[in-house]
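Subject: Structure handover

Hello,

Here is the structure for you to look at. My notes follow below it.

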Amino acid sequence: MNVLIVEDDSALGHFLQQGLKLDGHAVAVVTDGEAALELAAKLRPELMILDLGLPRMDGIEVLAEMQEHFRSTSVLVLTGRAEMEERVKCLRLGADDVVMKPFSFHELRARLQALSRRRSQFEDTVLHFGDLAMDRAQRRVTQAGRDVELTATEFSLLESLMRRRGERVCSRAELLREVWRMPLGDNAIAARTSRMDTNIVEVYINYLRKKLGRNAVSSQNSSADCHSVIRTVRGEGYLLGALEDSDLKASAGSSPTVLTSIFALGGRASHA
Ligand code: CA
């Protein structure tokens, strides 16, 4: 999962970050409430671990803002305040779980796993993005109503991108973990294999682009408003985006430059 830790005790924040990274999560840490909301808007994390006693903006306020603006993020509250009233207040405000300090890392990990299971139970069976639709139960993908034949790996790769709905960049490390089930955490192994792994991701991204690109050419005259493409965010990863219908029409004339430049992303062009 993509996790944002909000904890002003920097030693505790660092400890949690290291532990969760070893478990394969992507983890960011901030030390005050305002920074938490700023980064939440940017990262759209799946999970926030939120301390209540924070400088600049209290954890309770952060929780209320999260409920209002970022409902798709699960929030686990950490609190040293032992009162039952406080815990009930957090749960009423939308916290998914409340953990009392002091706590053991094992307990926190078990609770995160439970949250993660609960999230996946409620995740949509059918994902949509632009002109793409993915039925996860039937393992079927369509683009502008046409079937797109994908291998199991390509399906899983597109699923990772679609789950982020174009709101958040998907890093190569996240893709290696989600699609190729690559265990992360051992830096020595990671350093040895990283180049090869990155190549695997790029190769499959390009397979997907070709398949989605083929549909773009054949659906130029369809009624779809936009065409979904995989964009490369240099140095960060990949993001689903939309190619507007007007771009396609423009490129359908004498010059195919728009299509060429967009579908070349992530190929040789991205290393230029
Ligand atoms: Ca605190």
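The protein donors are D8 (OD), D51 (OD) and G53 (O), at 2.2 to 2.4 Å from the calcium ion. Donors here are N, O and S atoms within 2.8 Å of the metal (3.2 Å for Na, K and Ca), and water is not among the atoms, so sites may look incomplete.

Two of these residues have accessibility values. D8 is partly exposed, with a relative accessible area of 36%, and G53 is also partly exposed, at 34%. Buried means under 20% relative accessible area, exposed over 50%, and partly exposed in between, with a 1.4 Å probe and protein chains only.

**How to read the numbers**

This is a predicted model, in which local features need pLDDT of at least 70 and side-chain atom pairs count only at pLDDT 80 or more, while totals for chains, interfaces and linings use all residues. Residues are numbered from 1 along each chain as its sequence is written, and side-chain values use heavy atoms, with hydrogens and water left out.

**The chain as a whole**

The chain has 10 helices and 12 strands. Helices (H or I, at least four residues) and strands (E, at least two) are DSSP runs, numbered from the N terminus. Of its 272 residues, 46% count as buried. Taking contacts between residues at least 6 apart in sequence, 58% join residues at least 24 apart; contact means heavy atoms within 4.5 Å.

**Two helix pairs**

Two packed helices are described by the angle between their axes and the distance between the axes. Axes are lines fitted to C-alpha atoms, for helices over the stretch in contact, and angles run from 0 to 180 degrees between N-to-C directions.

The axes of α1 and α5 (residues 105–122) come within 11 Å and cross at roughly 55°. That makes α1 oblique to α5. Angles under 35 degrees count as roughly parallel, over 145 as roughly antiparallel, 65 to 115 as roughly perpendicular and the rest as oblique. The crossing of α1 and α5 is right-handed, a term that applies if the near helix is turned clockwise from the far one by less than a right angle, with anticlockwise being left-handed. On the α1 side, F15, L16, G19 and L20 take part, and they meet F105, L108 and L112 of α5. By class, the contact of α1 with α5 holds six nonpolar residues, one polar and no charged ones. Ala, Val, Leu, Ile, Met, Phe, Trp, Tyr, Cys and Pro count as nonpolar, Asp, Glu, Lys and Arg as charged, and the others, Gly among them, as polar.

For α2 (33–43) and α3, the axes come within 9 Å and cross at roughly 20°. These two helices are therefore roughly parallel to each other. Their crossing is right-handed. G33, A36, L37 and A40 of α2 make the contact with V62, E65 and M66 of α3. The residues in the contact of α2 with α3 are five nonpolar, one polar and one charged.

**Two single residues**

L115 lies in α5 and is buried, with a relative accessible area of 2%. Not counting residues up to four places away in sequence, L115 touches L47, S74, L76 and D96. The C-alpha atoms of L115 and L76 are separated by 8.8 Å, although the two residues are 39 apart along the chain.

R163 belongs to α6 (residues 152–163) and counts as partly exposed at 25% relative accessibility. Leaving aside neighbours within four places in sequence, R163 is in contact with E46, E123, L127, R136 and E178.

**Backbone points to check**

Most residues other than glycine have a negative phi, and most peptide bonds are trans. R44, in the loop between α2 and β3, has a phi near 45°. R56, in the loop between β3 and α3, has a positive phi of about 75° and is exposed, with a relative accessible area of 59%. K101 and P102 are joined by a cis peptide bond, with omega about -5°; P102 lies in the loop between β5 (97–100) and α5.

Regards
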